Amino acid sequence: MAAARSAGLTGATDAAGNPVGPGTDKADLNTDKTNSESFRAKLPPLGTNQFAKFVQDTTGRTLPLYGYNLFDGNGFPALTNVPVPANYVLGPGDDISIKIWGAIDVNLNLPIDRNGQVTIPKVGPLTVAGTRADQLEALLKTHVGRVYNNFELSATLGRLRSIQVFVVGQARQPGVHTVSSLSTLISVLFESGGPSATGSMRQIQLTRAGKTVSTIDLYKFIHSGDTSADARLLPGDVIVIPPAGARVALLGALDSAAIYELSGKEETLAKLLSYGGGQQILTTPHKVLVERINQAQDKAPRVIEERVLNADGLNSTVRDGDVVTLFKISPEFANAVTLRGNVAKPLRYAYRPGMKVSDLIPEVSALIQDDYYSRKNILVQYQSPRLSLTERTAEGFSYGRDGNIMQNGSNRQSPADRTSEGGNYGRDGNMEQNGSNKQVSAEQIVTDVKNQLNEINWDYAAIERLDAKELRTTLIPFNLGKAVKDRDPVNDLTLQAGDVVTIFSVNDLPVPAEKRSQFVRVGGEVKVPGIYQIQPGETLPGLIQRVGGFSQNAFVYGTVFTRESTRVQQQENINKSMRRMESDINAQTASALQNASSADKATTLQVQIENQKNLLRRLQSLKANGRIALELDPDNPVPPAIALEDGDQIIVPHRPSFVGVFGEVFAESSFIYKPGYTVSHYIDKAGLTRDADTDNLLLIRADGSVEGSSRRSLFWSSGVMDKKLNPGDSIFVPGLIDRRTAYTQFMEGAKDWTTLLYQFGLGAAALKTIRN
C-alpha cells in the first residue's frame, strides 16, 4: 500500500483556512506567508474618535489610545510546530498520521471524513470524531488489533481542520475569519487587527449559541499577561467588540501619556495612574489638575479641579471625559549654593544658615582648576625634546635674525635640504631628535612654562541672588582676595540659599597689566637667555639689563622683536590688502576685456590676468610674523624704551658677516660684508640682468626696516645706490615691466614677491613700503 506523507504534532492554518503543518510542502508555506502579508497590508488604519479630537483641541497634543498599538505588528504568529493539547477533540477535516511496525510495516496519513471516520486498509472504518487527542492511539490499537497481532502503533495529528468564526462590533476588520481549530479568543483578535479606535479594550465578549462564554479585559493581558479569560474557539463562535466605555486623558509628567479606557463608569486616580506605570518620582504630588465636563451646566460645561497625590487624592475618582494633567517637580533646590567659574569643583553645595563666602571657599587651593594638574602631568610624557635655542647654538649652528638655523651664514635652508643632512624637522621647522613625532618643541616648552595655571581675578567676584519679591536678579560684587585670604567682614558676605557665586579669571575679565603675570622670551646673544616675568611698566632696555646685558658676539642692530598683538594687526592689514587687490583685479579684468580691440589683444590680456590671479593666490598665503622694526642706529644700536607686553619675544643674533643680493641678478647669493661698501658695490658683484629695474630697488635692513628707490617718492629721489650697507642687510632687485596702476605695479612688478617675503620674514610694514 502507498505510504502517506508524515506529519507532526501541529495544527495551524493560513488566513484562507488552509491547514499548515510539517507535512505541508514549500508551496503551501509560501502561500501562507503571502496570504498573511496580504492580510496585514489590507488592514485598515486605526482611525480616531471624538474624545481624541476633543483632547487635541483642549491640550494641543495628539495622545495615542492606550493599548491599541498591540495590534499594529505583523499579526499573530501561526500555530505551527506546537504540540496539540491532550484535550483536543478530533473532528472532520483533521488528518491522522499512523505508523505501524512489527507484523506489518506501514505509514498512513488518513483524513477524517464528514462522518467523523477514518478508513484503515484491510482493517476497515473507525469513528474517531469526538475522541480526545490523548485517547486516539489506544482507540486505533484496539481497532487494528482485531485483524493483526504482534505489532506496535503510534498515532499523531497532522493537519488540523479550519474553523470559521465571526468578529463583529467595533472591530478594525469585522467579518468572517477562517482560523485554525487551535485558535483562541486572543489569537483571533490579533488575526483580525483588534478593536478600532471606537472599540473597547476592556469588555470584549466571546458568545457561543447566543450565550456569553467569556469576557476578556485586554488591559489585564497587557499589564500582567493574564490569559485566564482566554478561551478555545469552536466553529460558529462570535467575538463581539462593543463600543469603548468611559475614557480619560492622562498627560504631563509621566512616560505613558495616553487616552485610557476605564473598566467602569468611574475609577480611582490611583488605578488610572497604574495604567501609565504608577506615580513617578519626578511627578510632583502637590498638584494635579482634573478638567471635567459637567453636563448640568449650560454656558460653561467644563470645570477644573485641583487635587494632591496623597491618600485621599489617590482614592478620588475620575470619570468619562476627564483630562488629568500631572506636573513635574520643581528644579529648585531648598538648601543649595552654586559655585562656578574658575574653581576646582564647580558644583552645588549644601547651604547652612549663616554660611559665608569663606565657608564656600575655605582655602585658596579650591580655586585651582582640575585641568591644571592634567596639564602638569602631561609635561613628563614627552620624549627627548627638540634642541633648544641655546643648545643648538652651543652645537655650532648659526641663526638668522629671527632665530632660525642658517648654514655658514647663508640664507636659510629649506626643510628638504635640512632633512637630507640627517636632521628631522617638525611643521614649524624646528629640529627634532631621533625622528620622534612626539617630541616637544621649544615653543611648546615656552607655552607650558607660562600657561599652566589660569590666574584668578582676586579683586572681583560676584554673587547672583534672586529677589523673590521683585522676581529679579541682584548682582552683589565683592573682593575675592579679601574674602578668602583676609576674611574681611565687609567682603566675606553672608550667603543665602539659591545664591550663585561666580569666580572669574584674569582672562574672563581683563585686569590691568600690573595685576597680571606677564612673560617674555629672551634668546640669542644675551648673557642669560630664558623666559622672564616682566614687572609693570618694564621696558626693553630694563629687561636686557636684568638678564645681564648682551654677549660679546651680539648683533644688537639685527635684534628681532616680535609681538602677538602686532602680528594680529599685521595679518588683518594683509587680509584687507588682498581683498582690495582681488576686487581691483576683477574690475580691471572686466574693463580690459570690454575695451580689447582685437582677439589677439584679448588673448594677451587673458594671460596677464591669469598671471595676476596666480600671484594673488600666492600672496594670500602670506602670514604676518609680528616683527616690529626697532630702527636702531647701526653705529650706536641702543634698544628703544619700548614698554613690554605679555608674549613678546626678543631674539638677539650674533654678528653676521654677509650681505645678501636677490632678484634680477646673475648671482643670487650672499657676499662678505665690507665696511663702507654701498649698494652699488654689491650690485656690481652680483651682476644685473637685462630685466633688472634699478629704479625700484629694495634695501632690507637687518633691523627689519625697508628702504626703496621709487621715482614717485621725493624722499627717495636720490636712490639707494650710494647707501652704505650694514652686516645682515639684503638687496632685492625687481624685474622691469610695464606698470599702469599702483596695484598693477604691486602685482606685476616683482619676479616673485612670495619668495621675497618668505625669505626675509617681512611683515605688514614692509608690505606697505613695497606697494608704495
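Residues are numbered from 1 along each chain as its sequence is written. Because the model is predicted, local features need pLDDT of at least 70, side-chain atom pairs count only at pLDDT 80 or more, and totals for chains, interfaces and linings use all residues; side-chain values use heavy atoms, with hydrogens and water left out.

**The sheet**

Helices (H or I, at least four residues) and strands (E, at least two) are DSSP runs, numbered from the N terminus. Two strands pair if DSSP finds at least two bridges between them. Three strands form an open sheet in the order β4-β3-β7, and their pairing is antiparallel. The edge strands, β4 and β7, each pair on one side only. From one strand to the next the twist averages 20°. Seven bridges join β3 and β7, and Gly 102 stands opposite Phe 151 in β7. Helix α3 lies across β3 and β7 and runs at about 140° to β7. Such angles run from 0 to 180 degrees between N-to-C directions, with axes fitted to C-alpha atoms, for helices over the stretch in contact (heavy atoms within 4.5 Å).

| Element | Residues |
|---|---|
| Strand β3 | 95–102 |
| Strand β4 | 106–111 |
| Strand β7 | 151–157 |
| Helix α3 | 136–144 |

**The cores**

A nonpolar core is a set of buried Ala, Val, Leu, Ile, Met, Phe, Trp, Tyr and Cys residues joined through side-chain atoms within 4.5 Å. Buried means under 20% relative accessible area, exposed over 50%, and partly exposed in between (1.4 Å probe, protein chains only). The largest core has 52 residues, and Ile 239 and Ile 259 are among those with the most contacts inside it. Helix α4 (residues 185–192) gives this core its largest share, five residues. Apart from it lies another core of 26 residues, including Leu 108 and Leu 140.

**Helix α2**

In helix α2 (residues 50–59) the buried residues are Phe 51, Ala 52 and Val 55. Seen down the axis of α2, they fall within an arc of 100° (taken from the directions from the axis to the C-beta atoms), so they line one face of the helix. Gln 50 and Asp 57 are exposed on the face turned away from the buried side. The cover over the buried residues includes β13 (247–252) and β14 (258–261). Ile 259 touches Phe 51, Ala 52 and Val 55, among others. At the start of α2, a side-chain oxygen of Asn 49 comes to within 3.2 Å of the backbone nitrogen of Phe 51. Just after the helix, Gly 60 has a positive phi of about 80°.

Note on methods. Polar contact = N/O pair within 3.5 Å; in protein donor to acceptor, adjacent residues only side chain to side chain. Lists of a residue's contacts leave out its neighbours within four places in sequence.
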